[in-house]
Amino acid sequence: MGLAAGAVVLVLLALNLGALAAVGWRADPGSAVFRAADWAALRFTLLQAALSALISVVLAIPVARALARRRFPGRGALIVLMGAPFILPTLVAVVGVLAVFGRAGIANQALASFGIPPVSIYGLQGVLVAHVFFNLPLATRLILQGWGRIPAEHLRLAASLGFDRRAMWRHVEGPMLRQVVPGALAVIFLICLTSFAVALTLGGGPRATTLELAIYQAFRFEFDLGRAALLALVQAAVGIAALLMLARLALPVGALSGLDRAAPPAPGALLRGLDGAAIVLAAAFLLVPLALVVWRGAPHLLSLPGPVWTAVLQSLRVVALSVTLLALFTLALALATLWTRRGAWVFEPVGLSALVASPMVIGTGLFILTFPHADPARLALPVTALVNAAMALPFALRAVLPALRQAEADYARLSAALGLSTAAHLRLVLWPRLRRPFGFGLGLGAALSMGDLGVIVLFAQTGGETLPMQLHRLMGAYRTADAAGAALLLLILALGAFVLIERLVGGKEPRHAGT
């Protein structure tokens, strides 16, 4: 297992450090100059990431507080919905956002009925709306966990002492938020730094270009490898700085003791109304765009042109190879982390390194390495699958490792006492407790790979497009009917890939006595 994990580590280091070294080698300091437009792209990248994180977290605080202190039918389903952005293809969300806020969207139609000029969704405001759509649920989940850590006894004591809202904020809610909010801000900031598809479709233009988009433009429109390499180095430096910031700001939350979590609801009709409004508005913000994707795409689903279905086959090939690689990477690193002396210090950090890796930076390095020796278009499928597996690896590891460590702590001594071999221990003890989180991680990786629009745009040529790439071309050609049908098809395939692989690998949830 150590040899397999070592091989995976070498592959991941080659993808990250090797690609970075390649772009560093290609970026000639004498010829590659950081232009004024590149400084503008760097400023816009930092601005949109900071504003996206700030708006998402500020809006998530009242939503999380309302969900923490209210019980209502469908509350559990709504909280589950907060995990949807992890498996929702980016372009599907963009299509939904355009259906609401685009020039012909329902929001501008409502404004027109009152004689108000339409509002443009393109530029900074469009990037922010799309990023908040993705990250508001994530911020809500993170902050809701903080509220869940407050013991109900503290809340009852505050109520018995007659705390008003100011005292409640000062002594109970404020200290918790000071621990949780910085980490949520840093995580969302890090995610938005490497957002590519959102900037490609809703940004663009000199004033709304991110570093990721500038790298793509240097490749596709200028074929300036030196400038693309320089931009990739800057993007990597920004990602490393963001990781250091995350390490400093993601403060640990101290364990709070308590007998239960059944917190009493906040009294007062006004507070009930405010909580209800926060929940309804958040649910509408998430559900209306998705509902419009289904509504507008359904009539055109069966009349999609042939290239779309060809792209579907290409996407399925990418997903199949990506999930296979992800399974091998996850098992090798997870077991090596558990069974080797320094696994937690070596294998786990390398597996999580993709959290700060930029697919565009990796794609730039791989393109530079392969371009002199092979046709990059022929490598589009394996390269895209490999990068997608590396990008999904941190999520799969975070799903598998806790369950694996718990099972090993509970049963390792018993297996040793019974004389079970390593293979028997893995098959009879660990696998039954590992397969559900493992299936979830692989399903998540399949959905992410199905909806990815990143490295494929650097390598694929005509005839080798994946479905997200084909959808982007339909949107760029203003073929709205075909784009609506392709967006719904992509949504169905991403969700279907997640459910199918999770069920095939994870199996059915075990039935407990009395259920």
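This is a predicted model: local features need pLDDT of at least 70, side-chain atom pairs count only at pLDDT 80 or more; totals for chains, interfaces and linings use all residues.
Leu428 lies in helix H17. Its relative accessible area is 46%, so Leu428 falls between the 20% and 50% limits and is classed as partly exposed.

Helix H17 covers residues 422-450, and a second residue of interest in it is Phe440. The ring of Phe440 pairs with that of Phe498, their centres being 5.8 Å apart. The two planes meet at 85°, and because an angle over 60 degrees counts as edge-to-face, the pair is assigned to that class. Phe498 belongs to helix H20, residues 480-506.

Phe498, by contrast, is buried, at 12%.

Please turn now to another part of the aromatic inventory. The structure holds 5 aromatic pairs. One of them joins Phe133 and Phe134, whose ring centres lie 5.9 Å apart. With the planes at 80°, this pair is also edge-to-face. Both residues fall under the 20% limit for burial: Phe133 has a relative accessible area of 3%, and Phe134 stands at 11%. Which residues do ring pairs link into a cluster? They are Phe133, Phe134 and Phe285.

A further contact with an aromatic ring involves a charge. The charged end of Arg433 sits over the ring of Tyr411, at 4.2 Å from the ring centre.

Let me close with the chain as a whole. Its secondary structure consists of 20 helices and 0 strands. The chain has 515 residues, and 50% of them count as buried. The accessible surface comes to about 24400 Å², with 67% of that area belonging to carbon and sulfur atoms.

What share of the contacts between residues at least 6 apart in sequence joins residues at least 24 apart? The figure is 84%.

Methods:
Residues are numbered from 1 along each chain as its sequence is written. Side-chain values use heavy atoms; hydrogens and water are left out. Helices (H or I, at least four residues) and strands (E, at least two) are DSSP runs, numbered from the N terminus. Buried means under 20% relative accessible area, exposed over 50%, partly exposed in between (1.4 Å probe, protein chains only). Contact means heavy atoms within 4.5 Å. Accessible areas come from the Shrake-Rupley method with a 1.4 Å probe; for residues, only the protein chains shown count as cover. Rings of Phe, Tyr and Trp (its six-membered ring) pair if their centres lie within 6.5 Å; planes under 30 degrees apart count as stacked, over 60 as edge-to-face and the rest as tilted. A charge sits over a ring if NZ of Lys or CZ of Arg is within 6 Å of the ring centre and within 35 degrees of the ring normal.
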